[in-house]
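Keep the viewer open as you read.

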Amino acid sequence: MEIYLDANATTPVLPQARAAALSVMAEAFGNPSSIHGSGLRARAVLDEARATARRVLGASTGRLLFTSGATEGIQTAVLSALTALRRRRDTGESLPPQLLYGATEHKAVPEALKHWNALLGLHLKVVAIPVGLDGRHDLAWLREQAPQAGLVCTMAANNETGVISDLDGIAEALQGSPALWLVDGVQALGKLALDLDRRPIDYAPFSGHKLYAPKGIGMLYVRDGAPFTPLIAGGGQEGALRSGTENMAGIAALGAVLKALESGEVFASAQRLAERRERLAAALRDAFPGVVFNAPFALSLPTTLNVSVPGLSAKLLLDLFDAAGLRVSGGSACGASRAQPSYVLEAMGLPAWRTAAAVRLSFGGADADTTLDEACRRLRACGESLRASCQIPSADEAPRHAERLTRFVVDGACCYVVADEASRRAVVIDPLPELTERLAQWMRCRGIALAAVLDTHSHGDHASSAPALRAAAKDLLAPEAQGHRVDALGWPLDQDRLALGALRLSRLATPGHTEDATAYLLHEGETLRAAFVGDTVMPGALGRSDFTVSAPLAFGPSLKTLAERVGADVTLLPGHDYDDRFATTLAIESLAQPLLDGVLRGRLSAEAFAAEKAELERDLPPTEYQTMACGARVACARAAERVEMSAAELRTALRGAVAPVLVDVREDYEVRLSPTGELAPESVPLSTLLNALPRWSALPADAPVIFFCRSGNRSAQAAKALRRFGHAQAWSLEGGLALWDAEKISAPADGLAFAI
Ligand code: PLP
């Protein structure tokens, strides 16, 4: 059973609301504008819903119109206010020069301000009202600026943090200002008394789907006397304020929710909600030591908890919660390759790690108490799972298994741990500052000593985090790592090799991307297993050579040296991997990159290579992400091929002549929470995929290797990586376990069961 803790995004539809919607579709289906009996029945539903809304909002006067949702309400309010300003300007009046909105406002507000400001040709300044660490508006700032404002927009409660605005304080700060006042009431509806009759609020938009009504219905309150311009003109419905035949199913459903709210029987009281928040907070503290709450409880809606956990990314927490059947939201939007920090938390001035790692848990006033209890139980199970898989400290001292190669990725930048289980020693290559604590924890929990921390080059744009890692892992330093002096890249002075049991690392100078660029070659006995090549060669790209620390003329010869020492088919592990390709070889890259091919075949001299490379880099912007200047892509490397296999195709494959190899690429902590039952796949978390790629690529050509994960995203990466390694029968279960589970329910006779 899934536990839905994402009520600030949307809510399920209350049974009463469903019944009301069905009833107007089945029985009172008339058009409320018709004057016959069917129409009158619909009109009665409409009138009753509006009357209930007025009572709930404390809005006995003013206009209250039904809209499609809050975004439409916001447009209407902004259009109305700005049209009035424009009329004043057209009559020669001088206008207040700015429009103000809270810095943590939902994007619909500043975007609507900018849109209509430009479209109406007003060109007023659109300025964000700063907020403090507690998320509340800076009232002193507002008091000073409000006299020069034509419209002020401040939300009643924030959707990411739950922070409740000081509406009376804002009203006081606006006294004497010519500004109209818009209050986005979306997250406050049903949770706070807005008391619209009492407050000088001009516009207040609301949304049904945040309060157990369906999507596509909302309301806009407009104070008596506030300017109004319809957004939609037409048949004159809603007193000509909003034309178009009314969404009666939505209105009836919203009316039923508001009725339930009034009755006090369905929704929990503020005190009960605060108790539930305390229970969730206690479970979070038990599960994740060091968890921080990003908004003060005393100033926030009790139904919203915004948290960050030191050392755990939002992505990790979201995957973990999802595996436990807990549906929560990232406090920040995660783009394909880079997590965007939350602008709300940034505006509050929280430290960067908290704005990037934030996760939001939000529940609804009509959720059952038992649901919250189950949520607390699962949160604690999540903490246990992280402890059991070494992600956070555990009292259990038994050292865990260490894979030979583990890869960590932050915004496309790769860091590797090479570990030898027998000698319990490891080397970290290209540490990243975001990973310091995680890497130390990784080694501590496996009883692994840190033999060295190496960089493949000096990064130019940022200092190496190797000293920070050595400091964080001081208790883990191998004896020789304590005494040894090292060079700027971390290599022990006076040594030409680093031994890790049967493994051995040696280095190879590859100047080009930087003068000090170095490749580390990993041998097992006499066999060269892999080369860590930093940004010299990446999937689809060669490292840039236009930095002040670059050595462009040396780049071509370095590539030739690499080819001579490493060969065409040995695994290259890059410093950046923007397209989730994991590993490559010179043979693969020569096919994709003419420049590389040219220099390796001797068609290009060192000078010609440098000149062509400079030409490629001429108009390259400084970096894709300002944080990582080293590995900008010079060729698009994303494979277009389709690797997905549907659930039906998987069933067929399971009955085929050649038994497929099934691989679960989720991380340990997810698998622990939702094991895959009798299908018993091999478990190879994506972070350790590199170890298994050579083994799978040696399978018979017709043996399918089918990867799966939660959503199909990570398994597609694995399948593409294996195909690049030459095994064409590499597949990813489309839609992941989430859809497979749904499919299983619809085709139970098949006998296959993932117990998820
Ligand atoms: N305002 C706030 C505070 C919200 O949380 C949302 C929804 O996320 C909106 C506005 C937009 O509402 P709707 O989805 O009804 O357009």
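A disulfide here is a pair of cysteine sulfur atoms within 2.5 Å. One thing to keep in mind is that this is a predicted model, where local features need pLDDT of at least 70, side-chain atom pairs count only at pLDDT 80 or more, and totals for chains, interfaces and linings use all residues. Residues are numbered from 1 along each chain as its sequence is written, and side-chain values use heavy atoms, with hydrogens and water left out.

The partners are Cys390 and Cys445, with 1.8 Å between their sulfur atoms. The angle about the S-S bond is -65°, and the link of Cys390 and Cys445 is left-handed. This pair ties together distant parts of the chain, 55 residues apart: Cys390 sits in the loop between α12 (369-388) and β14 (405-410), and Cys445 sits in helix α13 (residues 436-446). Helices and strands, by the way, are DSSP runs numbered from the N terminus (helices are H or I, at least four residues; strands are E, at least two).

Are those two cysteines buried or exposed? Buried means under 20% relative accessible area, exposed means over 50%, and partly exposed is in between (1.4 Å probe, protein chains only). Cys390 has a relative accessible area of 3%, so Cys390 is buried. Cys445 is buried too, at 15%.

Cys376 is buried, with a relative accessible area of 6%. Cys709 also counts as buried, at 1% relative accessibility.

The axes of helix α8 (residues 270-287) and α12 come within 8 Å and cross at roughly 15°. Axes are lines fitted to C-alpha atoms, for helices over the stretch in contact, and angles run from 0 to 180 degrees between N-to-C directions. Angles under 35 degrees count as roughly parallel, over 145 as roughly antiparallel, 65 to 115 as roughly perpendicular and the rest as oblique. That is why α8 and α12 are roughly parallel to each other. Their crossing is right-handed; a crossing gets that label if the near helix is turned clockwise from the far one by less than a right angle, and left-handed if anticlockwise.

Contact means heavy atoms within 4.5 Å. Among the residues that make this contact are Arg272, Arg276, Arg279 and Asp286 of α8, and Asp369, Asp373, Cys376, Arg380 and Arg387 of α12. The residues of the contact divide into 9 nonpolar, 1 polar and 8 charged. In this scheme Ala, Val, Leu, Ile, Met, Phe, Trp, Tyr, Cys and Pro count as nonpolar, Asp, Glu, Lys and Arg as charged, and the others, Gly among them, as polar.

The crossing of α1 and α7 is right-handed. Gln16, Ala17, Ala20, Ala21, Val24 and Met25 in α1 meet Met248, Ala249, Ala252, Ala253, Ala256 and Val257 in α7. Those residues divide into 11 nonpolar, 1 polar and no charged.

Leu689, Leu693, Trp696 and Ser697 of α22 make the contact with Ala718, Ala721 and Leu722 of α23. Leu316 lies in helix α9 (residues 314-323) and is buried, with a relative accessible area of 3%. Leaving aside neighbours within four places in sequence, Leu316 is in contact with Leu386, Gln391, Arg438 and Tyr669. Thr571, in strand β24 (residues 571-574), counts as buried at 15% relative accessibility.

Finally, look at two loop residues. Asp195 has a phi near 55°, a positive value in a residue other than glycine, and lies in the loop between β6 (180-182) and β7 (203-207). At 33% relative accessibility, Asp195 counts as partly exposed. Asp411 has a positive phi as well, near 50°, in the loop between β14 and β15 (413-420), but Asp411 counts as buried at 18%.
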